[in-house]
Amino acid sequence: MIQKIGREYFAGNGVIQTLYPGLALDNGDTGIGSIGRIDHAMSNRNGTIPMHPHINDEILSYFRSGKILHKDSEGNEVMIGKDRMMLMQAGKLFYHEETGKSEDEIFEGLQIFIRPAVKDLTPKVTFWDLDQLHSENKWRLVASHNDNNQFQFSSETWIYDIKLTKGSSIGLPSLPKMGLTCLLYVFKGQIEINDMNLQKKEAVIIKDEDIEISTNEGAELVLFVTNEEATIYKDGMFSGNKY
């Protein structure tokens, strides 16, 4: 299976645009397995999203430019940005506030809402200072279900990223098991997959397919991998099914 998700599936015209990837499948779930929702944020203005709750969401803050001051109910007050990522595991109840600190560069990044394995886990926040901003022409495992990763999801979910240079090509990374579903998202640039062209803010669902990804102009990609057969909780405040 290979199916494109075009920009028309994004909701919102403001600073934050939201993708519910399951809408492209029309199967009664706005998410795909544990992948609940993806917010693509872009702004050249500073501003604050006031303190607000999350319940049973696991949220990866993946920002590639600009900075945000993060405050939360666990007592953290930390600046995050392109060289420091954050995973918020809201569990039973969690509050946070984000203030943009763009200064001289446009703020752009993803807030990735992953469904937990079970409801009402203990809230936890983890930060990761990156040794390198990008992983050029090699897949980097950003977060996983495995206990040897800095960011660990409770559900069977894996997230990779890569920066492809001009004229390069690559396949999918070696996945942890068979039968997984992939969602490949173009964060920046342009790629070709088999005979399909994808631009920024487009994606493709891949399952049980051999693919080759190539680019003429370069691209930054994020790969979401989920086990649709695994146990997940689908009623999270933001990550849950919205039908």
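## Reading pockets and their residues

The second largest pocket has a volume of about 240 Å³.

Reader: Which residues lie closest to the centre of the second largest pocket?

Author: This is a predicted model. Of the 13 residues in the lining of the second largest pocket, L175, G179, L180, D208 and E209 are the closest to its centre. By class, that lining divides into 7 nonpolar, 1 polar and 5 charged residues.

Reader: Is L175 buried, exposed or partly exposed?

Author: The idea is to compare relative accessible area with two cut-offs: under 20% is buried, over 50% is exposed, and in between is partly exposed. L175 has a value of 27%, so it is partly exposed.

Reader: Where is L175 found, and what is it in contact with?

Author: L175 sits in the loop between β15 (169–170) and β16 (181–193). Setting aside neighbours within four places in sequence, its contacts are Y160, L180, C182 and V225. W158 is 17 residues from L175 in sequence, and their C-alpha atoms are 8.9 Å apart.

Reader: What about the largest pocket, and which residues are closest to its centre?

Author: The largest pocket holds about 460 Å³ of space. It is lined by 24 residues, of which I16, A41, I49, E98 and F107 are the closest to its centre. Strands β4, β5, β10 and β11 each supply at least two lining residues.

Reader: Why does D39 count as buried?

Author: Buried means under 20% relative accessible area. D39 is at 6%, so it counts as buried. D39 belongs to strand β4 (residues 35–43), and its side chain makes a polar contact with the side chain of T18 (2.8 Å).

Note on methods: Residues are numbered from 1 along each chain as its sequence is written. This is a predicted model: local features need pLDDT of at least 70, side-chain atom pairs count only at pLDDT 80 or more; totals for chains, interfaces and linings use all residues. Side-chain values use heavy atoms; hydrogens and water are left out. Helices (H or I, at least four residues) and strands (E, at least two) are DSSP runs, numbered from the N terminus. Buried means under 20% relative accessible area, exposed over 50%, partly exposed in between (1.4 Å probe, protein chains only). Contact means heavy atoms within 4.5 Å. A polar contact is a pair of N or O atoms within 3.5 Å; within protein, one must be able to donate a hydrogen and the other to accept it, and residues adjacent in sequence count only if both atoms are side-chain atoms. On a 1 Å grid over the protein atoms alone, a cavity is a set of points where a 1.4 Å probe fits but cannot get out, and a pocket is an open set with protein on both sides within 12 Å along at least five of seven lines; lining residues have an atom within 4 Å of a point. Grid points are joined across faces, edges and corners, and a volume is the space filled by probe spheres set on the points. Ala, Val, Leu, Ile, Met, Phe, Trp, Tyr, Cys and Pro count as nonpolar, Asp, Glu, Lys and Arg as charged, and the others, Gly among them, as polar.
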